Amino acid sequence: MPKTWKRRVSPDAPLVDVPVVVEGPGGRAIQACFVLDPGTPVTILDARLAPSIDLGEDRSEGPSRLWGPTGPDDGYKVRVKQLAVMGHGLDDQEIRCHHLWSEAGIDGLLGLDVLRRGKLVLDLPWGLVEFTWN
């Protein structure tokens, strides 16, 4: 039976945030606030947070270049031990580390690499977010 996660959000919220726990290779973890972003192909952790869980650039598995509204942005790829999101744990998940706009008040973006693993329903007039894992 598929696992479903639900959350109430303000219908007029500027962003739809999701609590996430990111665990680094040594077992250190942080609780973070990611934003659902179906316009982003990959999941991104702010590069300023990455070293706190042993995911600094020295752990890079290669460069990452993403295109945003202001043009290209360079970062790096890493593997997290676990990404706990929407009631499910993803082991050995590749994510990207890039510098996010600090004034946004978010720690990362949850991209299509995760969202493609299930069905996402945004019922914003009613203030409901629902994700069902495949």
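A residue counts as buried here when its relative accessible area is under 20%, as exposed when that area is over 50%, and as partly exposed in between (1.4 Å probe, protein chains only). What you're looking at is a predicted model, where local features need pLDDT of at least 70, side-chain atom pairs count only at pLDDT 80 or more, and totals for chains, interfaces and linings use all residues. Residues are numbered from 1 along each chain as its sequence is written, and side-chain values use heavy atoms, with hydrogens and water left out.

**Serine 64 and its partners**

- Serine 64 sits in strand β5; strands (E, at least two residues) and helices (H or I, at least four) are DSSP runs, numbered from the N terminus.
- Its side chain makes a polar contact of 2.8 Å with the side chain of arginine 96, and another of 2.8 Å with that of histidine 98.
- A polar contact is a pair of N or O atoms within 3.5 Å; within protein, one must be able to donate a hydrogen and the other to accept it, and residues adjacent in sequence count only if both atoms are side-chain atoms.
- Leaving out residues up to four places away in sequence, serine 64 touches Asp73, Asp74, Gly75, Tyr76, Lys77, Arg96 and His98, where contact means heavy atoms within 4.5 Å.
- Arginine 96 belongs to strand β7 and is buried too, at 13% relative accessibility.
- Among the residues that arginine 96 touches, beyond four places in sequence, are Val42, Ile44, Leu66 and Tyr76.

**The nonpolar cores**

- A nonpolar core is a set of buried Ala, Val, Leu, Ile, Met, Phe, Trp, Tyr and Cys residues joined through side-chain atoms within 4.5 Å.
- The largest one has 30 residues, and Val22, Leu36, Leu55, Leu83, Val85, Met86 and Val114 touch the most other members.
- β2 (17-23), β3, β6, β7, α1 (112-115) and β10 (128-133) each supply at least two residues of this core, with β6 giving the most, at five.
- Apart from it lies another core of seven residues, including Val35, Val42, Leu100 and Ile106.
- Leucine 36 is in contact with Val16, Val18, Met86, Leu110, Leu115, Leu120, Leu122 and Val129, setting aside its neighbours within four places in sequence.

**The largest pocket**

- The largest pocket has a volume of about 610 Å³.
- Of the 25 residues lining it, Gly68, Pro69, Leu100, Trp101 and Leu109 are the closest to its centre.
- On a 1 Å grid over the protein atoms alone, a pocket is an open set of points where a 1.4 Å probe fits, with protein on both sides within 12 Å along at least five of seven lines, and lining residues have an atom within 4 Å of a point.
- Grid points are joined across faces, edges and corners, and the volume is the space filled by probe spheres set on the points.
- β3 (29-36), β5 (63-68) and β6 (71-85) are the elements that give two or more residues to the lining.

**Three aspartates**

- Aspartate 12 lies in the loop between β1 (4-8) and β2 and is exposed, with a relative accessible area of 65%.
- The side chain of aspartate 12 makes a polar contact of 2.4 Å with the side chain of serine 10.
- Aspartate 54, in the loop between β4 (44-46) and β5, is partly exposed at 27% relative accessibility.
- Phi of aspartate 54 is near 60 degrees, a positive value in a residue other than glycine.
- Aspartate 92, in strand β7 (residues 88-98), has a positive phi as well, near 50 degrees.
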